[in-house]
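Biologist: Please show me the chain, and let us then discuss it by question and answer.

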Amino acid sequence: MQKKIPIKVIKRDERNRQSQPAAEVATERKTTQEAARDMVATVSQWVNEFHQKRRSETAQAIKTLFADQAPQTSKA
């Protein structure tokens, strides 16, 4: 024998309240293209920061290396 499935009655006001949050969530989602664009921008920013840091460290190392040497004078 089959069991009867209870029927849930949803009033209009309740249905409207349930549909509003779902509509807001849908507008916040990004398309796959926008999400990929954001990821690429983030990774590009990381790479640029890494290169800039490496450049500044290299420049500082060169300055320190050559600043330690005293100028050589000729003995002639």
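Biologist: Does Asp-38 count as buried, exposed or partly exposed, and at what relative accessibility?
Modeller: This is a predicted model, in which local features need pLDDT of at least 70, side-chain atom pairs count only at pLDDT 80 or more, and totals for chains, interfaces and linings use all residues. Residues are numbered from 1 along each chain as its sequence is written, and side-chain values use heavy atoms, with hydrogens and water left out. Buried means under 20% relative accessible area, exposed over 50%, and partly exposed in between (1.4 Å probe, protein chains only). Asp-38 is therefore partly exposed, at 35%.

Biologist: With which residue does Asp-38 form a salt bridge?
Modeller: A salt bridge is a side-chain nitrogen of Lys or Arg within 4 Å of a carboxyl oxygen of Asp or Glu. Here the closest N and O atoms are 2.6 Å apart, and the whole structure holds 1 salt bridge. The partner of Asp-38 is Lys-30.

Biologist: Is Lys-30 buried or exposed?
Modeller: The relative accessible area of Lys-30 is 54%. Lys-30 is therefore exposed.

Biologist: In which helix does Val-47 lie?
Modeller: Helices (H or I, at least four residues) and strands (E, at least two) are DSSP runs, numbered from the N terminus. The chain has 2 helices and 0 strands. Val-47, partly exposed at 37% relative accessibility, lies in the helix of residues 32-67, namely H2.

Biologist: What percentage of the 76 residues of the chain count as buried?
Modeller: The count covers the 76 residues of the chain. The share that is buried comes to 0%.
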